[in-house]
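Me: I am new to this structure and would like to learn how to read it. Please take me through it feature by feature.

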There are 2 protein chains.
Amino acid sequence: KNKNGNLTAPTPQNTPINPAPITSSYRPSIPAISEDMETITTQAIAGAFTGNPALLSMLQGKLGTLVGRPSGYIDQLPASVKRRLNGLKYLQSKHAELENKFQEEVLALEKKYLQLYQPLYDQRAQVISGAYEPTDEEVALGEKVDEEDEDDDEDDDDKKHAQDDEDKDDKDTAQVKGIPEFWLTLLKNHPQIVETITEEDEGALKHLIDVRMSYMEQPGFKLDFEFSENDYFTNKVLTKTYYYQDHAYGGDFVYDHAEGCAIDWKEGKDLTVTIETKKQRHKGTNKTRVVKRTVPSNSFFYFFSPPTIPDEEEEIDEEEAEGLDAKLEADYEMGEEFKDKIIPHAVDYFTGKALQYEDYDDEEDFDDDDEEDDDEDDD
Amino acid sequence: KNKNGNLTAPTPQNTPINPAPITSSYRPSIPAISEDMETITTQAIAGAFTGNPALLSMLQGKLGTLVGRPSGYIDQLPASVKRRLNGLKYLQSKHAELENKFQEEVLALEKKYLQLYQPLYDQRAQVISGAYEPTDEEVALGEKVDEEDEDDDEDDDDKKHAQDDEDKDDKDTAQVKGIPEFWLTLLKNHPQIVETITEEDEGALKHLIDVRMSYMEQPGFKLDFEFSENDYFTNKVLTKTYYYQDHAYGGDFVYDHAEGCAIDWKEGKDLTVTIETKKQRHKGTNKTRVVKRTVPSNSFFYFFSPPTIPDEEEEIDEEEAEGLDAKLEADYEMGEEFKDKIIPHAVDYFTGKALQYEDYDDEEDFDDDDEEDDDEDDD
């Protein structure tokens, strides 16, 4: 019992994860050898239930008892040992106080660096919009970055080839302003986000001209999606805000909930619904009429209508709970992708460089999708 | 193409993960509703191949091309846009410099806090060994910690019950020194680590009296396992050292390799092997003799003989690569569990409290084990 026949260390799988306790703020990546290996991790949901009694009671009520409740052996310890254990609990509580301070210091550091990154993000937005034209020196330095990378890879052939035909189309394109469809292009390079973008969405996402992140007074962060004038909605900025719970176990941040924003769709332009037309025959008169019905449609813009956690009173069954859990997790992860990957490395997502370092699995990236999608961007 | 029928955000699964780029140093946890949901994550191996040409070429050679190579659309951009893109690449390279500085600052912060935690760890070790007896005040404060927690849970019945029979066995146990088998008990409470501990291992792990973590000059960390005098080996301390690669993409730390240590087993006490005896009959003389053979045995102590990454020249097939990858990942994760969870929260693993916050999946925690193990600790 409690043993098995493996020589290797334990390799739990299918653990619901999204860890990053602050105490492991630079938990390193693992070099992968195989591309299609299964998920193996000891990382569990740290602090998952902390401070969220609604979720906790939901879990306890619907899904049985919690793992890891002390199984009574503590009570059976000799009194002298129990006494020492209480001494240790005191030490652990002092440790927890320090962990909270550490968490605060890391957050302060993140905020400090966001301020340092911000001028670079602002200039990036200006280059993309065409408000700023990079200097020759900046361009030369940017070209060098590429060359250094390619020296590493020992394949600078592409680069030289690219430079050869640089002058050809100068006249044709002198009037192109900034970098058109920069954000749409890079979002379509993201293996998971591309899956949420419909062909109809692209018309609106062509007008996405910047994505920004900011911290708030309370724990959490806010994403701003800035759009240029477009035919779809009147909002200049769409926002998505993620709130963390207050100090949780082990100095972790734990998601509390997310809030989207109302999109002011122009007449008949709501991308989150489709109008279905249906012919109906009246039984008495035998006349036919066309009935229009609004049905929800697949769309990236559901990102701004995140799933909500039901009230404690509300009854949901296990299947619903799991479905909701998966939706919440996907929503939180998409927010994190924007905050930690896409906003910081937007240029590398545009060029594809970021994908060389992020081992996105392009075949098994969907929970309920067994088809092998072709993620290649043919633009 | 590239679209599917889901309304929800994308929920990739089975992505080989172990992320924690430093830029997401407080990537928060997600409250779980369902206990047995599948792994869903957009987190991929960040910087997985960075700076490890051996692994990179192995992957490229054995497992096809990398995901996310730019697919040629960059070359087809108008010259003016290409020029601006180079301007952006320059900005991205400035960003990368800042990210590296951020990583260094977080590491400095981690080191600073390890120093602040250390006196608490030292005192913990002294209480466990019996060298220090907690004061009445410390014990009282430790009891309070428990009460506060249980007030939250609204079930302080257990606690009161525990206090009732506190005086009964005072005489019997006055001679117990410290907290015997503290580390063995807490390791057996860890859902994944318990799976690596054999009944034979327990004899040696009873003598594990402290586990410590330290940083080194070069990027990485070292784990020290301190043992009291025992019948199994002569080492006072067993060590496991994890080395990170130098600055990787996006300011991440990425594992390079791990090193164990030689265990000086006492005669016939090596827990990592079993002596198999086999009767052999000599064909000519028809005499029987007993042959002893040493075969590898399941053991926790393989933790100190981590898997090694083969040389670039060495040929390995896809299956071997995957097996090695899984072993390496499991080894790195076990190191992280010690560094980020077990050492900081040892007391909470002993009492089981930590497991209430870490949503370890107690049924599916093994890669190749379909049995439903009973993880309950019956001590």
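The dialogue below covers a sheet, a helix pair and a cavity.

Me: What should I know before starting?

Reply: This is a predicted model, in which local features need pLDDT of at least 70 and side-chain atom pairs count only at pLDDT 80 or more, while totals for chains, interfaces and linings use all residues. Residues are numbered from 1 along each chain as its sequence is written, chains are lettered from A and ligands numbered from 1 in the order in which they are written, and side-chain values use heavy atoms, without hydrogens and water.

Me: In what order do the four strands of the open sheet in chain B lie?

Reply: Strands of a sheet pair through backbone hydrogen bonds, either parallel or antiparallel. Helices (H or I, at least four residues) and strands (E, at least two) are DSSP runs, numbered from the N terminus, and two strands pair if DSSP finds at least two bridges between them. Here the order in chain B is β1-β2-β3-β4, with antiparallel pairing. β1 (208–215) and β4 (255–259) of chain B are the edges, each with a single partner strand, so one side of each has no neighbour in the sheet. From one strand to the next the twist averages 15°.

Me: How many bridges join β1(B) and β2(B)?

Reply: Seven bridges hold this antiparallel pair, and V211(B) stands opposite F225(B) in β2(B). A hairpin of four residues joins β1(B) to β2(B). β2 (residues 220–227) and β3 (residues 237–244) of chain B are also joined by seven bridges; there E226(B) has V237(B) in β3(B) as its bridge partner.

Me: At what angle do α2 of chain A and α2 of chain B pack?

Reply: Axes are lines fitted to C-alpha atoms, for helices over the stretch in contact, and angles run from 0 to 180 degrees between N-to-C directions. The two helices, each residues 79–129 of its chain, pack at about 170°, with axes 10 Å apart. α2(A) is therefore roughly antiparallel to α2(B), a term for angles over 145 degrees.

Me: Which residues lie nearest the centre of the largest cavity?

Reply: A cavity is a set of points, on a 1 Å grid over the protein atoms alone, where a 1.4 Å probe fits but cannot get out; lining residues have an atom within 4 Å of a point. The largest cavity is lined by 17 residues, with L114(B), Y117(B), M213(B), K339(B) and P344(B) nearest its centre. α2(B) gives the most to this lining, with six residues.

Note on methods
Angles under 35 degrees count as roughly parallel, over 145 as roughly antiparallel, 65 to 115 as roughly perpendicular and the rest as oblique. On a 1 Å grid over the protein atoms alone, a cavity is a set of points where a 1.4 Å probe fits but cannot get out, and a pocket is an open set with protein on both sides within 12 Å along at least five of seven lines; lining residues have an atom within 4 Å of a point.
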